[in-house]
Amino acid sequence: MPAPERIPSRSLTEAGLRTLLAEGELTVLGQVRGASNAVLYCTVAYEGEERTCVYKPVAGEQPLWDFPDGTLAQREVAAYEISEATGWGLVPPTVLREGPYGEGMCQLWIDAEEEAGHDDGNGDGPPPLLALVEDEEPGEGWKAVGFADVGEGRKALLVHADDPRLRRLAVLDAVINNGDRKGGHLLPAPGGRLYGIDHGVTFNADDKLRTLLWGWAGDPLTAEAAEVLDRLSAGLEPGAALATRLGELITAAEIDALRGRVESLRTSGRHPQPSGDWPPIPWPPV
Ligand SMILES: Nc1ncnc2c1ncn2[C@@H]1O[C@H](COP(=O)(O)OP(=O)(O)O)[C@@H](O)[C@H]1O
Ligand SMILES: [Mg+2]
């Protein structure tokens, strides 16, 4: 008898994925190298469904002097909650749970597609999101971030794609005060979706926005973003479900600062601008 074909996995809803991640049996397969915190690659299995995920145990977090309260795992979940509230689905399903190394965050693993032009034998991946160009101006379809030193006294212009998905992410980052939006945290998934990951250094009460996505700085927000910000503003009213949920994850002062950022975006109607001459970008940028 021929071996039975693998039963194709049902597609799960967002809530189904959260249940799987939170309740499923977690098996650690390995550790992601080069991460600043312990990032474990795992499978999670629940009621006949299995997915791959990352599990970042709180015990493996590097303490950060400027984030003394709560845990990075809680901030990752808070970023997911905001992403869900926007309706943009920019952050993979993320939950807090117990695991083999204690409490941590568990997030669906995204199999990112290699960008076109990568030397992996097929040239038909999604278009690149970031580039360094020799010109003074970004070309058609690109937005300028700033000039970067590329060694030997040469400078190149860092640009990102003029892509509506990145523009949504730029708004999300402004809201969550993301201190670390670098190239490696942008994951293009099959089907044209783009996810952002690594939201541990977010929600600080002080301005920490460090990102590569400065291309729209000072530009008017899209109508879609303005609507989303109105919705977030309502969701952050004391007693609203989102505000209550965030109260379990970040401090009251951080929620106040979050409200302040949402309100100032609504008032200005524009993407934030860097306060200094040079836009704060994460290092290394990729
Ligand atoms: N949900 C995910 N899907 C796919 N890859 C992931 C996911 N989360 C993390 N990774 C991979 O693991 C690496 C380290 O994770 P990251 O969240 O950046 O950890 P750290 O908090 O240490 O910076 C990422 O650069 C990425 O390659
Ligand atoms: Mg990282």
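Residues count from 1 along each chain as its sequence is written, while chains are lettered from A and ligands numbered from 1 in the order in which they are written. Since the model is predicted, local features need pLDDT of at least 70 and side-chain atom pairs count only at pLDDT 80 or more, whereas totals for chains, interfaces and linings use all residues.

Let's start with the whole chain. Buried residues come to 35% of the 286, where buried takes 20 or more other C-beta atoms within 10 Å of the residue's own, with C-beta atoms placed from the backbone. Among contacts with a separation of 6 or more, 62% join residues 24 or more positions apart; a contact has C-beta atoms, placed from the backbone, within 7 Å.

Next, the domains, whose bounds come from an automatic or database domain assignment. Domain 1 is built from 14-111 + 162-268, and domain 2 covers 130-161. Their centres, over C-alpha atoms, are 28 Å apart. Where they touch, domain 1 supplies 9 residues and domain 2 supplies 8. The domain 1 side is made up of 5 nonpolar, 2 polar and 2 charged residues (Ala, Val, Leu, Ile, Met, Phe, Trp, Tyr, Cys and Pro are nonpolar; Asp, Glu, Lys and Arg charged; the others, Gly among them, polar).

Down a level, the chain has 6 helices and 10 strands, meaning DSSP runs of H or I with at least four residues and of E with at least two, numbered from the N terminus. S1 (residues 25-31) runs antiparallel to S2 (residues 40-46) over 6 bridges; pairing calls for at least two DSSP bridges. Thr27 has Thr43 in S2 as its bridge partner. S2 also pairs with S3 (residues 49-57), again antiparallel, over 7 bridges, and Tyr46 sits opposite Glu49 in S3. S2 and S3 make a hairpin with 2 residues between them, and Glu47 in that turn has a positive phi of about 45°.

Finally, ligand 1. It has 15 residues around it, with Ala35, Ser36, Asn37, Ile110 and Asp198 coming nearest; a residue counts if its C-beta atom, placed from the backbone, lies within 6 Å. That shell holds 9 nonpolar, 5 polar and 1 charged residues.

Conventions: Two residues are in contact if their C-beta atoms, placed from the backbone, lie within 7 Å. A residue is buried if 20 or more other C-beta atoms lie within 10 Å of its own, exposed if 12 or fewer, and partly exposed in between; C-beta atoms are placed from the backbone.
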